[in-house]
Structure formats: C-alpha cells, structure tokens
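Colleague: I should like to learn how to read this model. May we take its features one after another?

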Amino acid sequence: MTITELHNSTTIKERILIVEDNELHRLITHDCLEAEGYTVLSLPDGLNFFSALAEFQPELLLLDLKLPCIDGLTLLQQLKSSVWSAIPVIVASAYAFQSEKQKAIDLGACAYLTKPIALENLVKTIEVELKTAYSII
C-alpha cells in the first residue's frame, strides 16, 4: 500500500509515523498499532523523514533516539523548528538516563518511554497524547 493509499483510507483512524532502526521493534510496533486501528508508516532511519512527513501527514510521531545517519534528538530539534512543530512526539528509546530524557523533553517531546516498552503502555500513551494534542479520542 502506498503512502497516498494509507492517507486516503476511511476505515482507519489517526496516522502514526514510526522512526526506528531496529527492524524487530519497528515491525512489532507497526503491527501492534495497526491492530489498534491506526494507519502506520515506518522508517528505518531519518534520511527521508521530512518527505515522509509531507506525504503521510501523521498526527503523531514515535521516535527512537539512536538512529543511523541522523540521531533522533537532531530529528526532534529539526521537527520542532519546522512547520511540523505541532506534531506530538513520543520518544521510545533504550536510553534510560535521565539526561537523555530531559534533552528530549526540552526539545519538545511530549512523552519519553524507555525500552523495552509494554505494548499496552505504548498504546495508552499514544491515546493520551492524541487526546491532549487534538481532543480526538
């Protein structure tokens, strides 16, 4: 299915963009969120991040910090300095250090989850952030 077909789907609710380099984590998260009814697009890195944003137009971003080519904190900083700054960002990272969490929050992340993440907690966090950002749930 193309991004345009995903975007035009009328049977699926909000769009979520996942940026995660770990293939297993990306696939499990993608499948879980689709099973919850979300339209999901997954990227293995940040190389095509802004073109994917423009085409897919997600309501929420799930972002890993340790990515190849460009790290998640840099992507977050660029996002929050762009026309896409209103998109809520949930950071999902293996970095458990308070300093990393604080950097992400300071750059504009609305939530920070440390891996491994229980899928039910991820879904609840997404629901809360979408409701807070858009009052749509």
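Colleague: What is the general idea behind the two directions of side chains in a strand?

Modeller: In a regular strand the side chains alternate between the two faces of the sheet.

Colleague: Which strands are joined to strand 3 by bridges, and how do they run?

Modeller: Strand 1 (residues 13–19) is joined to strand 3 by 4 bridges, and the two run parallel. A further 3 bridges link strand 3 to strand 4 (residues 89–93), again in a parallel arrangement. For individual pairs, I18 has L62 of strand 3 as its bridge partner. Towards strand 4, L61 has V89 as its bridge partner, and L63 stands opposite V91.

Colleague: In what order do the strands lie in the whole sheet?

Modeller: The sheet is open and consists of 5 strands in the order 2-1-3-4-5, with parallel pairing. Strand 2 (38–43) and strand 5 are the edge strands, each of which pairs on one side only. On average, neighbouring strands of this sheet are turned by 20° against each other, direction ignored.

Colleague: Which helix belongs with strand 3 and strand 4 in a β-α-β unit, and what is the handedness of that unit?

Modeller: Helix 4 (residues 72–80) does, and together with strand 3 and strand 4 it makes a right-handed β-α-β unit.

Colleague: Where is the cis peptide bond?

Modeller: The bond from K115 to P116 is cis, with omega near 0°. P116 is located in the loop between strand 5 (111–114) and helix 6 (119–134).

Colleague: What does C110 touch beyond its neighbours in sequence?

Modeller: Leaving aside neighbours within four places in sequence, C110 is in contact with P88, V89, I90, I105 and E129. The C-alpha atoms of C110 and E129 are separated by 7.3 Å, although the two residues are 19 apart along the chain. C110 belongs to the loop between helix 5 (98–106) and strand 5. With a relative accessible area of 31%, C110 is partly exposed.

Colleague: Finally, where does pLDDT stay under 50?

Modeller: The general idea is that where pLDDT is low, the predicted coordinates should not be read in detail. Here pLDDT stays under 50 over residues 6–12, for which the model has 10 contacts beyond four places in sequence. For the protein chain, the mean pLDDT is 90, and 90% of the residues reach 70 or more.

Terms used
Residues numbered from 1 in each chain as written. Predicted model: local features only at pLDDT ≥ 70, side-chain atom pairs only at ≥ 80, totals over all residues. Heavy atoms only, no water. pLDDT = per-residue confidence, 0-100. Contact = heavy atoms within 4.5 Å. Pairing = 2+ DSSP bridges. Right-handed = clockwise from strand over helix to strand, strands pointing away. Buried < 20%, exposed > 50% of the residue type's maximum accessible area, 1.4 Å probe, protein only. Axes fitted to C-alpha atoms, helices over the stretch in contact; angles between N-to-C directions.
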